[in-house]
Every structure is written in C-alpha cells, then in structure tokens.
Amino acid sequence: MTASRAARRWLFKSEPETFSLADLARAKKPVPWDGVRNYQARNFLRDDAAPGDLVLFYHSSAEPPGVAGVAEIVRAGYPDPTQFRKGHDGFDPGSQPDAPRWIAVDLKHRATFPTFVTRDALAADPSAKTMDVLRRGNRLSIQPVTPAQFDAVLRLGGAG
C-alpha cells in the first residue's frame, strides 16, 4: 500500500498583461500553464507539482507586483505542446517529441483575494517575509512555498 503524498504549495509568476488570474477565472475550465523555459522551474513541474497542489498566483512586472489569488494544479506535468510549434514564442527546435525538454501543467481558478497582496505586504509579514519571491535577483517563475508562508498570504489576502 502506498502512502499518499501531502499536497504541496507553490507560487507561479505571470505578467498580468500576458495572462492574469482574472484570465484564468474567466476560462471556467482548466488552462495549460505552458511556456516555462527555465530548467529549475521545469524540474519543479516535472518532478514535484501534482494534481491537488495549490498555487499562489503572483502578478509580476506589475505595479505593484503581488499575489492576486489561488489556483489549483489539476493535471500533472506533460510535454508542453508549445515547444513543438514553429513560429510560437515557446518553440524549441532542440526539443524532440520522443524526448520533450519542457513541461506544462493544467491549472484551474480557486479564489481571487478580496485584498491584493503586494510585495511590500509580503515583506512586512513575519511569516511571508522569508518567501523566495522576495529574495533579490530571484526571477524563477515557479517556486515552492511552505505551508506557513501560504497561510500567511491567504490571511493577508483576506481569504482565511
């Protein structure tokens, strides 16, 4: 008998003018989280992210940047189809269908926070201030989050 794994918590970054939490909410169905082209982020999607994991949806390159709400991973990692589409921004001519380089997962909207949680609010909170997203120079688009950090962001966003 295999023990079930505890759900993990993540922070996924997206530029809201490209794809926002509101866009995910409007979709009313699971949406591929594709286009990740960083090996460490890819490894998280391939090796660690799983259905049932919750995601803090972070708006980066926004004024101000911060967490808009929560999504859920509903499909485990699979080959990102954009890596094979010539002309697509995510096209990777070195990636082969029999040995795909890049991974996608599917997300669905879970909640939009009543209060947008700014980067400054994260930095000021004792439990959230240790989040990787606040480290200088950290540009990683997929990051693990501890349960305490996740709960702190929920509290700051007014979601519990």
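How accessible is Arg135, and does it count as buried, partly exposed or exposed? At 49% relative accessibility, Arg135 counts as partly exposed, where buried means under 20% relative accessible area, exposed means over 50%, and partly exposed is what falls in between, with a 1.4 Å probe and protein chains only. Before I go on, please keep in mind that this is a predicted model, in which local features need pLDDT of at least 70 and side-chain atom pairs count only at pLDDT 80 or more, whereas totals for chains, interfaces and linings use all residues. Residues are numbered from 1 along each chain as its sequence is written, and side-chain values use heavy atoms, with hydrogens and water left out.

Let me begin with the charged pairs. The structure holds eight salt bridges, a salt bridge being a side-chain nitrogen of Lys or Arg within 4 Å of a carboxyl oxygen of Asp or Glu. One of them joins the side chains of Arg135 and Asp132, with 2.9 Å from N to O, and Asp132, like its partner, is partly exposed, at a relative accessible area of 26%.

Another of the salt bridges is formed by Arg37 and Asp80, whose closest N and O atoms are 3.0 Å apart. Arg37 lies in the loop between strand S2 (31–33) and helix H2 (39–48), while Asp80 lies in the loop between strand S4 (66–79) and strand S5 (103–118), so this pair ties together parts that are 43 residues apart in sequence. The helices here (H or I, at least four residues) and the strands (E, at least two) are DSSP runs, numbered from the N terminus. As for accessibility, Arg37 is partly exposed at 30%, whereas Asp80 is buried at 0%.

Arg110 and Glu72 also form a salt bridge, and here the closest N and O atoms are 2.8 Å apart. Because Arg110 lies in strand S5 and Glu72 in strand S4, the pair ties together parts that are 38 residues apart in sequence. Arg110 is partly exposed, with a relative accessible area of 48%, but Glu72 counts as buried at 13%.

Asp53 lies in the loop between H2 and strand S3 (54–59), and it is buried, with a relative accessible area of 0%. Its side chain makes a polar contact of 3.0 Å with the side chain of Trp10, where a polar contact is a pair of N or O atoms within 3.5 Å; within protein, one must be able to donate a hydrogen and the other to accept it, and residues adjacent in sequence count only if both atoms are side-chain atoms. A polar atom of the Asp53 side chain also lies 2.9 Å from the backbone nitrogen of Arg8.

Now to the rings. A pair of aromatic rings is described by the distance of the centres and the angle of the planes. Rings of Phe, Tyr and Trp (its six-membered ring) pair if their centres lie within 6.5 Å, and planes under 30 degrees apart count as stacked, over 60 as edge-to-face and the rest as tilted.

A search of the whole structure finds six aromatic pairs. Among them, Phe12 and Trp33 form a tilted pair, at 5.3 Å centre to centre and 45° between the planes. This pair links distant parts of the chain, with Phe12 in strand S1 (residues 9–14) and Trp33 in strand S2, 21 residues apart. Phe12 is buried at 0%, and Trp33 counts as buried at 8%. The rings of Phe19 and Phe57 have their centres 6.4 Å apart and their planes at 45°, so that pair is tilted. Phe19 sits in the loop between S1 and helix H1 (21–27) and Phe57 in strand S3, 38 residues apart. Here Phe19 is partly exposed at 23%, whereas Phe57 is buried at 0%. Ring pairs link Phe12, Phe19, Trp33 and Phe57 into a cluster.

I will finish with Gln149, which lies in helix H4 (residues 147–157) and counts as buried at 7% relative accessibility. A polar contact of 2.9 Å joins its side chain to that of Thr130.
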